Structure formats: structure tokens, C-alpha cells
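Morning, everyone. I'll take a few minutes on a new structure. Please have a look at it first.

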Amino acid sequence: MSVWEFSLGVFLGSTLAGFLGALTGLGGGVVLVPLLVLVFRVDLHHALGASLVSVIATSSGAAAAYVREGYTNLRLGMFLELATTLGALFGAGLLGVLPKRLVALVFGLVLLHSAYLSYQGRLEDQPIDPKDSDPLAKRLRLEGGLPSPEGERAYGVRRLLAGLGLMGLAGVLSGLLGIGSGAIKVLAMDRVMGLPYKVSTTTSNFMIGVTAAASAGIYLRQGYIDPRVSFPVMLGVLLGAFLGARILPRSSTSWLRTLFALVIAALGLQMVAQGVGK
Amino acid sequence: MERWLSWVLRTGVLLAALLVSVGALWYLMVDGQREILWDCALKGVDVHRGLSPTGLIHLGLLLLILTPVARVALALGLYLEERDWTFALITFWVLLVLLGSLLGYL
């Protein structure tokens, strides 16, 4: 394969991954790594590095727009970053020690889990009640208001420490697998801390860039971020995510979600097979 | 605060994408026809530094990685200005972790 063919192929694949990731809200990172490893025969560590870079690009680009809309809970995000960054350092450190096959196996399992989550679909919003907020969350003034046509509706933050713990885990997986682990972050805020769904997704996105940047230092030092692999991935995913976000408001995504979930599950099985294979 | 953070993020990503694109075009013009070889020249991290096509891409990627760091530094400054000491401390700690991770490389 010549450099041209490789770059163009990876660019197109990344554009598609970014596009589908933005449309379905699952992020592009989860399909990128298997694509690079299984199709383009890129070394696992370099695939993770390229994915990590693209995660920083898309989350920062999207956050620039989301932050202005007023859904993102900045204070909560910055507080939870205490856990995600430490987790990410630990995860990225583990990556250098663990055998690649084990990492591939964990990656496959995470893929299967997010396929299951997206198959299950979005659950209904829990009723928001500012009264049963965590005392610590009250002290830190982490509660916020959800913009709505009838004005701001106040919401509380529940089980702050449990959420913080899950964010640590999300950070470890992010550092170990070069992904944003948005699924776990949303799960922690939406299900555990009882935040409105839209606040959970935008705040999760807001934290992803900082989480990934914490691992990036270690990735750079280990030489996992190869410019030759990273550039088509970064530019492709950015383009795809941009296109996806423009189409998103006027498209029905339920069949697309199902299709994407199937693709993710198939890739997950492949990665698990790589992990346990000879 | 929202406007400032948004501006830093957007500018960082756009500048990084620009640098990476220029470096990428240069790289493809120079090396495009060559067969791709993975194992050579990747042992040292220093290979991609300096004024070369991959060096330029690498610089763009560094700028991208520094974008969230700049966002945290800006938030720290804004919290200090608001005299919100708790959150100034929280963002300061996050900034330390980020710089600690990166300084090992830079």
C-alpha cells in the first residue's frame, strides 16, 4: 500500500466513523480503533493514539458550540474532571505495561457493552427535583438550571461521590483505550446523579477533551501518537462529525442507531477474538 | 465565562486543523508515492520534530492537545477573578495534573 492509498483510505473511513458517531451520539472513537487495526493493519498502540487525538478534536469542537447553548454544567464538569484526569493518567500508564492482547480484549468488551447500550436506547428522563440534591453538591453550588421554553427549570445533583467514582473509571478506560468513554460518563450523570439527559450528554462531551489530554502526555512520551496515522484520522473524524451535526436535527436516527449498534457489536466480537486468539 | 471558553476551544481546534492540513499536504507531496513502512524510523520520539512535513503535523497535534489545557487555565483565571477560591483550587489541581502529564514529554 502506498502512502497515498493508506492516507486516503483512513481519511474516508474516519469521515464515515465521525459522521455515524455524531448522528448516533456514540462518538467515532469506538469504531476507529478496530477499523485501523483490523482493516489497515496499524499497530494497536498507534491506533489508540490516533483515536485519542481525534477524540480531543471532536469533543473540543462540539463543546465550543454546546457551551454557548447553556446546557453544559460547567461547574459540575470541572469538579468531575478531578476524577477523570487521574483515572486517565492511570489508564494510560497501564497501557504501557499490559500485553496488547489483553488491551484488545478489554476494547472488544467495551464495544459490546456500548452496542448493548445503544440497542437498549435512551431511557426516559427522570423527573428533576432540586430538593433531594447531595449536600456536598449544594455546598459546591453544582446544581444548575435547564433552559426550556418556560424559563429555567432548576435541577439537583444526587449521589455526587458515586458519580465521581464512576468518572474515575471512565477516565481509566479513556486512557487505556484511547476513547472518550462518553457512554459511561453519560450513564453516571444521567442514571446515578439524576441529571437531565441533555445536560449529561453536553457536560460529558465538555469533560472528554480534558480527560483525553491527560493521557495524551503519556501517549506522546511512549511514541503512540504517530503523525502519519493521526492526520487522516483527525481530519476525517472532524469533517464527519461536522457533517453529522449539521444533518442531525432533521433526520430520524432510530434505524441508524440499530445498524450502528450491529456494526459495533461485530467489531467488538472481532476484537475479543483477537484478544483471546492465538 | 461561556463565551471565553467557547472561543478558546474553537480557535485551538481550527488552528490545529489548519497546521495539520498544511503538514499533511506537504507530507503527501513528498512521500505520497512511497510504500508505507511501519517499523522504521519510529523508535525515537524525536524523529517528528523540527521543520519537516511530519514535524509540522506533529506541531498541529500538540496544539490540539494543548487546547483543553488552555481551556482549564482560562477557567482558573476566571475563577480567581470571581474570588471563587474552591473552584480556583479545583481547576488549579486539574491543570497541575495535565501539565505534569505533558511536561514529562515537552
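**Two chains and where they meet**

Let's begin in chain A, with residues 102-119. This stretch is 100% helix and 0% strand. Its end C-alpha atoms are 26 Å apart. Bear in mind that this is a predicted model.

Now residues 79-96 of chain A. Again we have 100% helix and 0% strand. Here the end C-alpha atoms lie 28 Å apart.

On to chain B. How many helices and strands does chain B have? There are 3 helices and 0 strands. Along the sequence, the pattern reads α-α-α. Chain B has 106 residues, and 36% of them are buried. Take the contacts within chain B that have a separation of 6 or more. Of these, 68% join residues 24 or more positions apart.

Next, the contact between the chains. Chain B brings 47 residues and chain A brings 45. Which elements of chain B give two or more residues to the side that touches chain A? They are helix 1 (2-31), helix 2 (53-81) and helix 3 (85-103). Helix 1 of chain B has the largest share, with 14 residues. What is that side of chain B made of, by class? It has 28 nonpolar, 14 polar and 5 charged residues.

Let's zoom in on one pair of helices. Helix 4 of chain A, residues 74-97, packs against helix 3 of chain B. The angle is about 30 degrees, and the axes are 10 Å apart. Angles under 35 degrees count as roughly parallel, so helix 4 of chain A is roughly parallel to helix 3 of chain B. Is the crossing left-handed or right-handed? Helix 4 of chain A passes helix 3 of chain B in a left-handed crossing.

Who makes this contact? From helix 4 of chain A, we have Arg75(A), Met78(A), Phe79(A), Glu81(A), Leu82(A), Thr85(A), Leu86(A) and Leu89(A). From helix 3 of chain B come Phe87(B), Ile90(B), Thr91(B), Trp93(B), Val94(B), Val97(B), Leu98(B) and Ser101(B). By class, this helix pair has 11 nonpolar, 3 polar and 2 charged residues in contact.

How values were computed: Residues are numbered from 1 along each chain as its sequence is written. Chains are lettered from A and ligands numbered from 1 in the order in which they are written. This is a predicted model: local features need pLDDT of at least 70, side-chain atom pairs count only at pLDDT 80 or more; totals for chains, interfaces and linings use all residues. Two residues are in contact if their C-beta atoms, placed from the backbone, lie within 7 Å. Helices (H or I, at least four residues) and strands (E, at least two) are DSSP runs, numbered from the N terminus. Ala, Val, Leu, Ile, Met, Phe, Trp, Tyr, Cys and Pro count as nonpolar, Asp, Glu, Lys and Arg as charged, and the others, Gly among them, as polar. A residue is buried if 20 or more other C-beta atoms lie within 10 Å of its own, exposed if 12 or fewer, and partly exposed in between; C-beta atoms are placed from the backbone. Axes are lines fitted to C-alpha atoms, for helices over the stretch in contact, and angles run from 0 to 180 degrees between N-to-C directions. Angles under 35 degrees count as roughly parallel, over 145 as roughly antiparallel, 65 to 115 as roughly perpendicular and the rest as oblique. A crossing is left-handed if the near helix is turned anticlockwise from the far one by less than a right angle, and right-handed if clockwise.
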